[in-house]
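Here is a brief report on one protein structure. Take a look at the model before reading on.

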Amino acid sequence: MSAEEAVAQLRVQEYLDDVSQLDIPPSHTEWYNVDVASLLTGSRVLGHEVDQCTGDSLLFLERSVMFCSPSAGKMQHFPKHLLHCFVDDNRGKCQEHDGVLFRAELFSISPTEEQLCWEHCCRSEMEVPEIQGRVARWLSWLNV
């Protein structure tokens with residue numbers, strides 16, 4: 001096994017470890033460990049994000065992202081060239097109607113029923129650096 005293959009397997013295992021720590025139904029955990037894991041065999045995962053609230057996840061691959069939703073039972077690929085990043089910084093505006101200080105969104109330009117909308121919002125200044133870090137990783141990946 002080459003070093004690159006070993007790193008790829010490690011990244012997949014890190015992803016599965018993060019997913020296994022979610023508070024989701026056992027059937028969703030099984031879906032991740034069987035269906036999603038089998039699809040990732042031989043894939044080069046560059047990074048991932050997991051939504052602790054919904055159980056959804058996003059995998060960053062070389063030329064696409066893969067959105068996984070256990071509740072919907074769907075996995076969708078979105079080509080990198082159809083993805084965009086949007087950042088809305090409301091910290092200078094004292095009173096936003098929804099209380100969101102900072103919003104970041106990775107989204108796709110695709111048909112309505114197939115769109116990606118991976119969003120992070122914060123209502124506290126202390127959360128802004130974490131979201132800025134996510135945006136930096138998104139942009140780094142998008143610009144490679």
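Predicted model: local features only at pLDDT ≥ 70, side-chain atom pairs only at ≥ 80, totals over all residues.

## Main core

The largest nonpolar core holds 18 residues. Within it, Leu-58, Val-65 and Leu-116 have the most contacts. Five elements are listed by name here as giving two or more residues: strand 2 (57-60), strand 3 (64-69), strand 6 (102-108), strand 7 (117-122) and helix 3 (128-142). Helix 3 gives the most, with 6 residues.

## Around Leu-58

What does Leu-58 touch, leaving aside residues up to four places away in sequence? Its contacts include Val-65, Met-66 and Phe-67. Leu-106, Leu-116 and Trp-118 also touch Leu-58. Gly-47, His-48 and Glu-49 complete the list.

Another core lies apart from the largest one. This other core has 17 residues, among them Val-19, Val-36, Leu-40 and Val-45.

## Largest pocket

The largest pocket has a volume of about 160 Å³. Its lining is made up of Leu-46, Gly-47, His-48, Glu-49, Phe-60, Arg-137, Trp-138, Ser-140 and Trp-141. Strand 1 (47-50) and helix 3 are the elements that give two or more residues to this lining. The largest share, 4 residues, comes from helix 3.

Which kinds of residue line the largest pocket? The lining divides into 4 nonpolar, 3 polar and 2 charged residues.

Key
Residues numbered from 1 in each chain as written. Heavy atoms only, no water. Core = buried A, V, L, I, M, F, W, Y, C linked by side-chain atoms within 4.5 Å. Buried < 20%, exposed > 50% of the residue type's maximum accessible area, 1.4 Å probe, protein only. Contact = heavy atoms within 4.5 Å. 1 Å grid on protein atoms, 1.4 Å probe; cavity = no way out; pocket = protein on both sides within 12 Å on 5 of 7 lines; lining within 4 Å. Points joined across faces, edges and corners; volume = space filled by probe spheres on them. Nonpolar A, V, L, I, M, F, W, Y, C, P; charged D, E, K, R; others polar.
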